[in-house]
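Visitor: I would like to learn how to read a structure like this one. Could you walk me through it?

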Amino acid sequence: MDYKDLIATGISGALEISKEDVERLLEIPPRAEMGDYAFPCFQLAKTLRKAPNSIATELKEKLHLDAVERIEVMGPYVNFFLNQQAFLKDTVETVLSQGETYGTTALGENKRIIVEYSSPNIAKPFHVGHLFTTVIGNSLSKIYGKQGYEVVRINHLGDWGTQFGKLISGYERWVDLTKLEESPIEELNRIYVKFHEEAELDPSLNDEARMHFKNLEDGKPYEVELWKQFRELSLHVFNRVYEELGVEFDSYAGESFYSDKMDAVVDLLKDKGILTESNGAQVVMLEDFNMPPTIIKKADGATIYATRDLAAAIFRKETYDFHKNIYVVGTPQALHFKQVFKTLELAGFDWAKDCVHVGFGLVKFPGKMMSSRKGDVVLLDDLLKEAVETAKQIILEKNPNLENKDDTAKKVGIGAIIFTYLKNSREKDIIFDWSEILSFDGETGPYVQYTYARGKSILRKNEAVNEADLTVLSSAVEFELAKTLAGFEAAIGAAAEKYEPSILTRYVIQVAKDFNKFYNNCPINSAEPAVKKARLLLVQATTAVIKNALALLGIETVEEM
Ligand code: ARG
């Protein structure tokens, strides 16, 4: 039962104002003694020409709702206290009957959302920063999927640009083929770094590199073959990471995909009369919007990153007719996306407003350097390996008899990393602290996974229960847990609206905390049979919601740990 809806309908009828307005005002109070829902009346004072408190008092008189046990007026507020037993029963039954589909809505029916994420650069390390976009994008895809949208997951690979000319020049001179086979990205990156060093001493290298890129653009087989090889070698490494994380894409259309679609963009901007020349370059001026111009074509005739993004956005609209086109890319690129979106708007595309840049902060490792020019980057492979190994050590200590330790360690270790990334609002920088990430208590992945496993272990140790009279559960702790479980759909909605998986992470932490409070306060084994049965159902519902919520974050659960 949708209690919010029920109360909103009641208030809307009693006050003769729209239900939407009521729903906007209806709050969930911070403390239980203020009720389960609260309706503030001060905003209505003007329209209704009455004092907020009298509106509240009249509302209380008029309303009679079965599911609401008691209504109290507190100053300008009307506080609603639900019938706790009925609420708990209703919630647990809903969770259990809906199972994996609990929290699913049809909000996005017949609408498509593009989520572009990960988008690493060919021949460059996939580093811990790329992991950030990967886990946010993966989670957002699942969240929109849960809301019934058709999601198109795009990996906009950085596989085009003048750097490929440099790589080819460097490859010809310095490649070590054995190393290229062993660890392709490291070798390609080494060549790339070396190219920059050498070009400082011998600038003619740059001309050669430009020639190679020109040939690549013109489709000359020699350059195309090498480029393909770089791309494949890199993708092979990236795919290993994706597999490890359980991340998938529907399209790998990256920058190179648009290389033959750029002339059309230039022509279009010309036709719209917004392309101007500036120092030999073709640009779209954005001074009226306090932004530097979008460069479309450089003085040497080369198109750039922004041009490819314009082509990509137009292609996506034509191909997918998206409801929203979301870019999960670091905050340092915020200006780039503002320019691209504004340029689309100036070109007359009203759907420019449906393009969204979802930014995120930096990832910091105290004591380690992050520059990709140096060899000293924290590679993603290392990060994941370290997490899994540490998880295994902890498991060995805590539960030496556990079967399939390796599989568990993998799920716990990787889950812990994903959880850390998604724990705080995405714009915040992340400072990695190993001792915290893998801790079993505190707000961590292992804590939530452990809570799930504890619930599962309780269920394993008891006879399966299919039905029970849930109204025998009457403690405040049980009611609080049920209320949190009932808040799943709202948490999904808020996360989707704000492009913020952390809302779900906070949510699942709350579920785990409420569950542990329940576990510590409400004995199961020593309870009388009817209560025990009902509690087991509550445990079952809780584990279902934790699993469901973690899945939306891209984290797996383990039955035992
Ligand atoms: N490859 C870029 C990078 O690693 C990110 C691409 C972002 N997506 C886009 N459509 N521009 O920084």
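This is a predicted model: local features need pLDDT of at least 70, side-chain atom pairs count only at pLDDT 80 or more; totals for chains, interfaces and linings use all residues.

Visitor: Which residues have the most contacts inside the largest nonpolar core?

Guide: A nonpolar core is a set of buried Ala, Val, Leu, Ile, Met, Phe, Trp, Tyr and Cys residues joined through side-chain atoms within 4.5 Å. Buried means under 20% relative accessible area, exposed over 50%, and partly exposed in between (1.4 Å probe, protein chains only). Here the largest core has 153 residues, and Ile11, Phe39, Phe80, Tyr144, Tyr421 and Leu504 have the most contacts inside it. Helix H22 (residues 529-553) gives the most to this core, with 13 residues. Helices (H or I, at least four residues) and strands (E, at least two) are DSSP runs, numbered from the N terminus. Another core lies apart from it, with 33 residues, including Val152 and Leu286.

Visitor: What is Phe80 in contact with, leaving aside its neighbours within four places in sequence?

Guide: Contact means heavy atoms within 4.5 Å. On that basis Phe80 meets Ile7, Ile11, Gly35, Asp36, Tyr37, Phe39, Leu63, Val68, Arg70 and Ile71.

Visitor: How far apart are the end C-alpha atoms of helix H16?

Guide: The expected span of a helix is 1.5 Å times one less than its number of residues. The 19 residues of H16 (residues 405-423) should span 27 Å, and its end C-alpha atoms are 26 Å apart, which agrees. H16 is also mostly covered, with 15 of its 19 residues buried.

Visitor: Is Val266 buried or exposed?

Guide: Val266 lies in helix H12 (residues 262-271). Val266 is buried because its relative accessible area is 7%. Not counting residues up to four places away in sequence, Val266 touches Leu275 and Ile296.

Visitor: Which residues are around the ligand?

Guide: A residue counts as near a molecule if one of its heavy atoms lies within 4 Å of it. Among those around the ligand are Glu116, Asn121, His130, Asp309 and Gln333. A polar contact is a pair of N or O atoms within 3.5 Å; within protein, one must be able to donate a hydrogen and the other to accept it, and residues adjacent in sequence count only if both atoms are side-chain atoms. A polar side-chain atom of Asn121 lies 2.6 Å from a ligand nitrogen atom, and a side-chain N or O atom of Asp309 is 2.7 Å from a nitrogen atom of the ligand.

Note on methods. Residues are numbered from 1 along each chain as its sequence is written. Side-chain values use heavy atoms; hydrogens and water are left out.
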